[in-house]
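Here is a short briefing for a reader new to this structure. Look at the sequence and the model, then read on.

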Amino acid sequence: MELKRVVITGMGALTPIGNNLEEYWEALKAGKSGCAPITYFDTEHFKTKFACEIKNFNVTDFIDRKEARRMDRFAQYALVAGDEAIADSGLDIDAIDKFRVGVIWGAGIGGLETFQEEVKSFAAGNGVPRFNPFFIPKMIADIAPAHISIKYGFMGPNYTTVSACASSANAMLDAVNYIRLGHCDVIVTGGSEAAVAQAGMGGFNAMHALSTRNESPETASRPFDATRDGFVLGEGAGALVLEDYEYAKARGAKIYAEVIGGGFSSDAYHITAPDPEGRGVIAVMKNTLQNAGINPEDVDHINTHGTSTPLGDVAELKAIKAVFGDHAPNISINSTKSMTGHLLGAAGAIESIASVMAINEGIVPPTINHTTVDENIDPSLRLILNKPEKREVNVALSNTFGFGGHNCCIAFRKI
C-alpha cells in the first residue's frame, strides 16, 4: 500500500523561555537563557540550586481553578500547549470525524511532584492512609492525552509513550505512522514534563547528571563547550498537530512542514551512559534517512540531543561525522537545550518545533554559552555557536535520546 504523507498544521509551546509558540521562537533566535535559581522549593541543601522553570505562568488563565487542582503541572502544561496547537491548526472541531482524531503524548516521568507530595504527607502522618482521591489520576503519565481528548471529544488512539528523554519523539513517530497507514486523519502529539521538584533535583543530583554551576546558572547549560559539567533540568510542553497531507490540503490548512520519516534504535549499552562510539546514534540516523527516503547530502540542519554532558555531546557529534562523512561540515548543528535546559520527556517535542521553525524562517538558532573549544570535537563540524545563522533549510533532523539507550530521530522537510 502507498503510505500517506504527514504534515504539521499547528504548534504550541510552553517553555522556560516563552509561554507560547511566538515567544519561544523569538527567544531561541535571540539566544535567551531560561535558567535561573529555583523558586519552587528551598534549595539550601541541594547540590544544584537552579533550573529552567516556567515563568509568569498562571494556570487559571487557561484552566478552571477547580479542574487545575485535579491536575499535576505536567498535565496542565500539556493541555495549555495542546490548546494552542489545536487553535493554531484551524481545525473545525464540530466538523471533523472525532473517531479519526487521536492524541499520542510523551512523558518520561509524569506526575512526579504529585507523587512526592502525597508520599511526604503520608510519611508525616500517623500511618493512616489519607490520600487525595485524585492522587493516582493526577500522577499517571497517560493522563495528559486523556485531558486533551476529553476536552475536545477526540476518540481515536489515545495513549502516552514513555522512553525517558525520547518519550515525545517516540510519540510523534507513533502518530506519524498511524496517519501514514490511514488509521487517522489528525493526531495531536507532543510531550510535557514537570520534574523541577525536590525528588527530581535530588534524584538527578545523586546520579551526578546535573550541572552544579550555581555561581552562574544562566550559563550552566553549555553543550559542546569544554567546560560543560552536566545538564540543566527544564520543564514545559510542546504540542504539534499532525495531519494527512491530502486531508489538510482539502480543508485549506496552513502547513508548516512535512514529517518525512524517522527512526528508532537502542544503544544496548548502559542504563544511563551513552555508547562512547555512538553506535546506536549512528543506527538511528541511518534508519531515519532510509525511512524518509533521503540521502545524507539532503540534510541541512540537525537539532542535536546535545544535553551539555561530557560524554553525550562528543558521542553524538562523532556519530554525525560517521553518518554524514564529507557532508557533515555543511550541516548546521545546534543544541537549543543551551537555552531551554533539558525538558526530559518533552524535549523531542519542543526541539522538533524549533527544527520546523528553522525550516519556515531560514534561521538556525544558536547554541549559547560556548566559550572554550573542546579538543575532542571535530573542528570541521559546523556548530552554530552564540549567534543564529541565516540559511535555507529544506531538510532538518531532530535527535532525541533517553536513559536506557532509547534513540529517536525525526526528519522534517519544507513543503
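Domain 1 and domain 2 bury about 4800 Å² between them, and 69% of that area is on carbon and sulfur atoms. Buried area is the accessible area (1.4 Å probe) that two parts lose on being put together, summed over both. This is a predicted model: local features need pLDDT of at least 70, side-chain atom pairs count only at pLDDT 80 or more, and totals for chains, interfaces and linings use all residues. Residues are numbered from 1 along each chain as its sequence is written, and side-chain values use heavy atoms, leaving out hydrogens and water.

**Domains and their interface**

- Domain 1 covers 8-251 and domain 2 covers 258-413; these bounds come from an automatic or database domain assignment.
- Their C-alpha centres lie 21 Å apart.
- The contact takes 65 residues from domain 1 and 68 residues from domain 2, where contact means heavy atoms within 4.5 Å.
- Trp25, Cys165 and Phe224 supply 18% of the area that domain 1 buries against domain 2, more than any other three residues.

**Salt bridges**

- Three salt bridges are found across the interface of domain 1 and domain 2.
- A salt bridge is a side-chain nitrogen of Lys or Arg within 4 Å of a carboxyl oxygen of Asp or Glu.
- Glu361 and Lys29 join their side chains in a salt bridge, at 3.1 Å from N to O.

**Leu3**

- Leu3 sits in the segment before strand 1 (6-14); strands are DSSP runs (E, at least two residues), numbered from the N terminus.
- Leu3 counts as partly exposed because its relative accessibility is 44%, between the cut-offs for buried (under 20%) and exposed (over 50%), with a 1.4 Å probe and protein chains only.

Definitions and conventions: Helices (H or I, at least four residues) and strands (E, at least two) are DSSP runs, numbered from the N terminus.
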